[in-house]
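Here is a report on one protein chain. Look over the sequence and the fold before reading on.

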Amino acid sequence: MADLSARDIEKVKFAFSIYDFEGNETMDAFYMADCLRALNLNPTLAVLEKLGYAKKRKEKKFKLDEFLPIYAQVKKDKDAGGYEDFVEVLKLYDKESNGQILYAELEHILISLGERLEKSEVVPILTALCDPEDEDGFIPYEPFIKKLCEGVKA
């Protein structure tokens, strides 16, 4: 764990303990994605599966010393996009170069490109993060991306 700071290790221990539902210092691999996301990481499903993510509960368990290298690997993975990357992607759909795209087009992008989402998953995200559509169905995309990257504050 030479690449993890003492603070990182403490954060991981705390998050891991939350997902140790049985109190036996193990975490079900089913909760690996939730734990990593609680640590402000955003691994793709492909990365999670490569690292031992279980699709069902009680298939596999991790001890903390097995989870720390997983956290370290996901943390150093630079393949997850950030604010600037998302802005550049949505600029491709900004036909008038005015910072707006069609709401329906954004919905389509989220449903069909990249790590696909179901419409039932997309609608609440768009409802929570998008500004209202104008009369032509356009929304400004930068506020959406900013809210998405910051996370929804409940």
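## Overall layout

The model is predicted. The protein chain has 8 helices and 4 strands. From the N terminus on, these elements follow the order α-β-α-α-β-α-α-β-α-α-β-α.

The C-alpha trace spans about 55 × 30 × 30 Å along its principal axes. Of the 154 residues in the protein chain, 34% are buried. Among contacts with a separation of 6 or more, 59% join residues 24 or more positions apart.

The largest nonpolar core holds 27 residues. Within this core, M27, M32, L36, F67 and Y71 touch the most other members. Four helices each supply at least two of the core residues: α1 (6–18), α2 (32–38), α3 (45–50) and α4 (64–76). Of these, α4 gives the most, with 6 residues.

Setting aside residues up to four places away in sequence, L36 touches L41, P43, L48, F67, I70, Y71 and V74. A second, separate core has 14 residues. Its members include L106, C130, I139 and Y141.

## Helices α5 and α8

Helix α5 covers residues 83–91 and helix α8 covers residues 141–150. They pack at an angle of about 150°, and their axes are 10 Å apart. Angles over 145 degrees count as roughly antiparallel, so α5 and α8 are roughly antiparallel to each other. Their crossing is right-handed.

On the α5 side, Y83, F86, V87, L90 and K91 make the contact. On the α8 side, the residues are Y141, E142, I145, K146 and C149. By class, this contact of α5 with α8 has 7 nonpolar, no polar and 3 charged residues.

## Helices α7 and α8

Helix α8 also meets helix α7, residues 119–129. The two axes come within 9 Å and cross at roughly 110°. The range from 65 to 115 degrees counts as roughly perpendicular, so α7 and α8 are roughly perpendicular to each other.

From α7, the residues I125, L126 and L129 take part. They meet F144, K147 and L148 in α8. The residues of this contact of α7 with α8 divide into 5 nonpolar, no polar and 1 charged.

## Helices α6 and α7

Helices α6 and α7 pack at an angle of about 135°, with axes 10 Å apart. The crossing of α6 and α7 is right-handed.

Helix α6 brings Y103, L106, E107, L110 and I111 to the contact. Helix α7 brings K119, V122, V123, L126 and T127. By class, the contact of α6 with α7 has 7 nonpolar, 1 polar and 2 charged residues.

Is Y103 buried or exposed? Its relative accessibility is 17%. The cut-off for buried is under 20%, so Y103 counts as buried. Y103 lies in helix α6, residues 103–112.

Which residues does Y103 contact, leaving aside neighbours within four places in sequence? They are L126, T127, C130, E133, G137, F138 and I139. Two of these, L126 and T127, are also named in the α6 and α7 contact. G52 is 51 residues from Y103 along the chain. The C-alpha atoms of Y103 and G52 are separated by 36 Å.

## Two residues with positive phi

E25 has a positive phi of about 60°, although it is not a glycine. E25 sits in the loop between α1 and β1 (26–28). Its relative accessible area is 62%. Exposed means over 50%, so E25 is exposed.

S97 has a positive phi too, about 50°, and it is not a glycine. The loop between α5 and β3 (100–102) is the place of S97. At 67% relative accessibility, S97 counts as exposed.

Terms used
Residues are numbered from 1 along each chain as its sequence is written. This is a predicted model: local features need pLDDT of at least 70, side-chain atom pairs count only at pLDDT 80 or more; totals for chains, interfaces and linings use all residues. Side-chain values use heavy atoms; hydrogens and water are left out. Axes are lines fitted to C-alpha atoms, for helices over the stretch in contact, and angles run from 0 to 180 degrees between N-to-C directions. Angles under 35 degrees count as roughly parallel, over 145 as roughly antiparallel, 65 to 115 as roughly perpendicular and the rest as oblique. A crossing is left-handed if the near helix is turned anticlockwise from the far one by less than a right angle, and right-handed if clockwise. Contact means heavy atoms within 4.5 Å. Ala, Val, Leu, Ile, Met, Phe, Trp, Tyr, Cys and Pro count as nonpolar, Asp, Glu, Lys and Arg as charged, and the others, Gly among them, as polar. A nonpolar core is a set of buried Ala, Val, Leu, Ile, Met, Phe, Trp, Tyr and Cys residues joined through side-chain atoms within 4.5 Å. Buried means under 20% relative accessible area, exposed over 50%, partly exposed in between (1.4 Å probe, protein chains only).
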